[in-house]
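Hi everyone, thanks for coming. Let me put the structure up and walk you through it.

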Amino acid sequence: MPTFDQISSQLEHQAIEVPSWAYGNSGTRFKVFGAAGTPRSVEEKIADAATVHRFTGLAPKVALHIPWDKVDDYSALRRYAQDQGIEIGTINSNTFQDDDYKLGGLTHHDPVVRQKAIDHHLECIRVMGETGSRDLKIWLADGSNYPGQADIRARQDWLAESLAAIYAQIADDQRLVLEYKIFEPAFYHMDVPDWGTALGHVQALGENATVCLDTGHHAPSTNVEFIVAQLLRAGKLGSFDFNSRFYADDDLIVGSADPFQLFRIMFEVIRGGGYGPESDVAFMLDQCHNIEKKIPGQIRSVLNVQEMTARALMIDREALKAAQQAGDVLGAHEVFMDAFYTDVRADLAAWRESRGLPAQPMRAFAESGYQEKIEADRVGGTQLSW
Ligand code: PSV
Ligand code: MN
Ligand code: MN
């Protein structure tokens, strides 16, 4: 197995995008708990995101959700982020919180509503021009609850037309990234329920259209790393929305529910060329911190991704291949598991320190006084994630 020192230079390439909405108050349909120190503005969310980067060196970009992060001057917002030491990343559209979209947005049976949803995406593309963002990420809440309620076939045609209208405005250095989700908010059918549907649509659009894989958006026991391998093989894995789940779209801290799954995903990413300077896969978090503190929740998340990436990099690929080629079932499995069971935490702490970062970012943040300061300063209303 390679030593930590042999793989550590590859850790330099790790960059994770944090979501602005992770810093706002969120919850379930039962209750949204308010937290002291929650940002009151988009700028304060960006300041918190930049704090995660300062303590970890892992999170150089913050993703925005429009209109949750609507401001008058996006160029000024970009400069503000840069002054804080980060860039603005993916722009996420939102066609799920307007009454007009009750029966769908880009797939609605009424062309007037479809056009409204398309126009929202064109507005997002305008925002991307000002923020310097590369990716427009589209997640659709569209679907139906009852058999017969909607023409599920016609909606695919309307979706294709709507996406084509949006894609036509995507610049050469920009990408359209389509996210799928098995269910919720619609429970009978979703218009983009799975990676196959998403892949079909982005392949029809063209080179700059790719798929977003949200790790919480599958049926239980789905082999997610197989989907990773398939999308990379097709050259269509655009981005991840990382989070973890016990049941459905739980949006918990990535690597907390199933670190082994994160390890397996990172292995397929590395094996498939999705990691490193040559790759354009965006590694985003899509999480909510409903009961835990939000900035530590984000720090923990990016550290979990780093830890499982380091372990996945340590798989002895040659020994693995040799065992696979020899048909050595348990030998190959052992090579894989040896890396998974390797504790890299002390090595990572020393590596961070060698790069001028805190060895223990969680502790360093707790001791920094930042949390106390925002709790004291940010009075008079807090932002919701939605
Ligand atoms: C939908 O469940 C989703 O995963 C999409 O990425 C949305 O943009 C995000 O959650 C918002 O919470
Ligand atoms: Mn998502
Ligand atoms: Mn989700």
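What percentage of the 386 residues in the protein chain do buried residues make up? The figure is 46%, where buried means that 20 or more other C-beta atoms, placed from the backbone, lie within 10 Å of the residue's own.

Some housekeeping: this is a predicted model, where local features need pLDDT of at least 70 and side-chain atom pairs count only at pLDDT 80 or more, while totals for chains, interfaces and linings use all residues. Residues are numbered from 1 along each chain as its sequence is written, with chains lettered from A and ligands numbered from 1 in the order in which they are written.

Now the fold. The protein chain has 14 helices and ten strands, taken as DSSP runs numbered from the N terminus (helices H or I, at least four residues; strands E, at least two). Its C-alpha trace spans about 60 × 60 × 40 Å along the principal axes.

Eight of the strands close into a barrel with parallel pairing, in the order β1-β2-β3-β4-β6-β8-β9-β10; a pair needs at least two bridges found by DSSP. As one example, β6 (residues 175-179) and β8 (residues 209-214) pair in the parallel sense over four bridges, and Val-177 stands opposite Thr-210 in β8.

Finally, the ligand. Around ligand 1 we find Trp-21, Asn-92, Trp-139, Glu-179, Lys-181, Asp-214, Asp-241, Asp-249 and Asp-286, each with its C-beta atom, placed from the backbone, within 6 Å. That's it from me, thanks!

Notes. A residue is buried if 20 or more other C-beta atoms lie within 10 Å of its own, exposed if 12 or fewer, and partly exposed in between; C-beta atoms are placed from the backbone.
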